[in-house]
Amino acid sequence: MGQRSDGGSDYDRRMSVEAIARHMPAVLTLDDLSVMNELDTYGHRYEMSPEGALSVVPSPEFVHAQIINDVIGWLLAAGWTLKQVYQAVGLRISGRAGGAGGRIPDLIVWNRPPVPRAGWMPVTDVALVVEVISPSSKATDKSVKPDEYAGAGIPRYWTVDCDPANTVTMYELAGDTYKTCLTMPLAWVLNTKPSDHLG
């Protein structure tokens, strides 16, 4: 019986995969996703496109938390409140052709404090969604999510690369797609005012 690099056996891995396959529902719902996120002991994020494609996102690394903390501190210093700025909250994303998916952005900024509710939050009054891009999320964060977020009517979407400059790319909704407004290092952005970019 083979050993994996993480110390587990091939048998353990096969049994885990079989258990998932045996218990996976034929059609996933947002309620199913909520339960999966709640029960996962490894910190994975389970997301789903409006078309029903499941994504399993690894738990964020330290650099993610550092970048998000910098952005949160910048917003709070400018007068945004902790009731408007949230990390890793699930958003219900309606598809352009119907259907509903669920995404868990690294950071969500609301124009006004949202009404707390169980499950996936609506995108009503979302001012900005921020995703920190890692190698495992690059394709989704740069192509799939912008289309979904724009289709859901979220007015601004920012990505932050994990390159030496932590390059921030700011997108703004123009019709039903995003246009690129600015690409700058995070340090430059943090020396500006949020109102310069969020209206």
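A pocket here is an open set of grid points, on a 1 Å grid over the protein atoms alone, with protein on both sides within 12 Å along at least five of seven lines. In this predicted model, the second largest pocket comes out at about 290 Å³ in volume. Its lining takes in 21 residues, with Val-57, Pro-58, Ser-134, Ser-136 and Ser-137 lying nearest the centre. Strand 1 (45-48), strand 2 (54-57), strand 7 (126-133) and helix 4 (138-151) are the elements that each give two or more residues to that lining. By residue type, the lining of the second largest pocket splits into eight charged, seven polar and six nonpolar.

Two of these contributors, strand 1 and strand 2, also pair with each other, running antiparallel over four bridges. Val-57, one of the residues nearest the pocket centre, sits in strand 2 as the bridge partner of Arg-45. The hairpin made by strand 1 and strand 2 has five residues between the strands, and Gly-52 in this hairpin takes a positive phi near 95 degrees.

Positive phi values turn up in loops elsewhere in the chain, too. Ala-88, in the loop between strand 3 (85-87) and strand 4 (91-94), has phi near 50 degrees, although Ala-88 is not a glycine. With a relative accessible area of 39%, Ala-88 counts as partly exposed, because that class covers what lies between the 20% and 50% cut-offs. Asn-166 is another non-glycine residue with a positive phi, this time about 45 degrees; its place is the loop that links strand 8 (156-161) and strand 9 (167-174).

Methods
Residues numbered from 1 in each chain as written. Predicted model: local features only at pLDDT ≥ 70, side-chain atom pairs only at ≥ 80, totals over all residues. Heavy atoms only, no water. 1 Å grid on protein atoms, 1.4 Å probe; cavity = no way out; pocket = protein on both sides within 12 Å on 5 of 7 lines; lining within 4 Å. Points joined across faces, edges and corners; volume = space filled by probe spheres on them. Nonpolar A, V, L, I, M, F, W, Y, C, P; charged D, E, K, R; others polar. Pairing = 2+ DSSP bridges. Buried < 20%, exposed > 50% of the residue type's maximum accessible area, 1.4 Å probe, protein only.
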